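Visitor: I am new to reading protein models. Could you walk me through this one?

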Amino acid sequence: MANTRALSALIIEQVCYHSVSLSEAFLNPDLQPYEDDRGFVKEICFGTLRFWIQLQAILKTLLEMPLKEKDKDIECLLCVGLYQLIHMSVPDYAVVNETVTATRVLKKAWASRLVNKILRMAIENKTANTLMARGITAQYSHPNWIIDKLKMAWPTNWEAILNANNQKAPLFLRVNQTKISIEKYKNLLDKNKIQYQIVNDLSHGIRLENPLPVEKIPGFFEGFFSVQDASGQKVAEYCDLKSEHAVLDACAAPGSKTTHILEICPDIKKLVAIDLYRDRLLKIKENIKRLQLPTKNVALISADACDINQWWDNDLFDRILIDAPCSASGVIRRHPDIKLLRKKTDIKNLAEQQGKMLETLWLLLKKSGKLIYTTCSIFPDENELVIEKFLSSHSTAKIDPIHNAWGVNLKYGQQVLTGDRDRDGFYYCVLVNQ
């Protein structure tokens, strides 16, 4: 589709009114932009969803009456226009002209006058500094339930977390130490005039000052690096890996941690990576191949990790990594549709699933072995409280304390809060089977 605003509106409609994730909507063959427009469409879609709650509140003040149910595409188009006016540097006249044109592409020419009127009103209000909506949900563009949970869990940090969630996510690289040293890779970035920062407390972490498509970053096709947030890079370090270890990586896709394990210990005795979905396992295989990592002692298994009779060979593991399914509340800035698709009731169900994984996979851990439990959540219900409940019924499970400045050190584990040193929100806990 040639009109980027119309296309963006249709993608956003899929997310907001048909409960399709943004990543799924982008894969819809009927909603594909021209290659040159792809970046612009992503910018509009990510941004509009990031500020959807705020934009909806503003739109409500501008409309005389709500649009009909069958015209949700026009509602989404209006929010696309408002996002450009408020948060992008597109000239006002271009926003109005292109967004009005989009009504005809959507085969709703009747809406052109409405769109023109609403956007011109918005421009007038913006000039007069009166384009705003009242209320905490509109101010922070988050649903009430997320705001309330963050206030309760992090009373001195909740506002910073909400603000961080509304920022564009940074791009971190993990240099593949089996292919190139970090010093040589820094030289490669310098040669290509790409600005970066070294991440303190990570052995091979780099943050690019200005994100680029991966194929334009030197060394991608040669396997010199992976894209992985700084918080995720810490997981493999906490695994305390040795070459004689047998390791289980449960819920392994898309393979960031699996490949990191192989980079740290290329001669690992055994690595079993499990994921429920076969197509996601293929992504791990592709990443291992691109990074040119050894596969001799690696088993990729499509299975439910908790259905151990389906895949387990009765050999215990020295290390078990559970990167548990979670609310993803720590990565909202990367997936703004979480604000709209995730529900408060999901958290209890997820915590039960996380507890079941701990209960089941703990049985596969050797004496003195370590289980590393992680999530990309910042809700204690999925983190500390899950661990506390597990410890209450497992006398041999002991906390291996984390004492460093990487995050907030808790009674049970460690929490990185979203935006702290520009990292994703992440939880870590290391349990030892004594």
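Visitor: Is Arg174 buried or exposed?

Guide: Happy to start there! This is a predicted model, where local features need pLDDT of at least 70, side-chain atom pairs count only at pLDDT 80 or more, and totals for chains, interfaces and linings use all residues. Residues are numbered from 1 along each chain as its sequence is written, and side-chain values use heavy atoms, with hydrogens and water left out. Buried means under 20% relative accessible area, exposed over 50%, and partly exposed in between (1.4 Å probe, protein chains only). Arg174 has a relative accessibility of 1%, so the residue counts as buried.

Visitor: Which residue forms a salt bridge with Arg174?

Guide: Side chains of opposite charge can pair when their charged atoms come close. A salt bridge here is a side-chain nitrogen of Lys or Arg within 4 Å of a carboxyl oxygen of Asp or Glu. For Arg174, the closest N and O atoms are 2.8 Å apart, and the partner is Glu263.

Visitor: Where do Arg174 and Glu263 sit in the chain?

Guide: Helices (H or I, at least four residues) and strands (E, at least two) are DSSP runs, numbered from the N terminus. The pair links distant parts of the chain, 89 residues apart: Arg174 is in strand 1 (residues 171-175) and Glu263 in helix 13.

Visitor: What unit does helix 13 make with strand 5 and strand 6?

Guide: Strand 5 (residues 246-250) and strand 6 (residues 270-275) run parallel, joined by four bridges. Two strands pair if DSSP finds at least two bridges between them. A crossover is right-handed if, with the strands pointing away from the viewer, the path from the first strand over the helix to the second runs clockwise. With helix 13 (residues 256-264), these two strands make a right-handed β-α-β unit.

Visitor: How many residues of strand 5 are buried?

Guide: Ala246, Leu248 and Ala250 point one way, Val247 and Asp249 the other way, and all are buried. Strand 5 is mostly covered, and its buried count is five of five.

Visitor: How many residues apart in sequence are Arg207 and Asp422?

Guide: These two form a salt bridge, their closest N and O atoms being 2.6 Å apart. Arg207 lies in strand 3 (residues 205-208) and Asp422 in the loop between strand 12 (414-416) and strand 13 (426-433), so the pair ties together parts whose separation is 215 residues.
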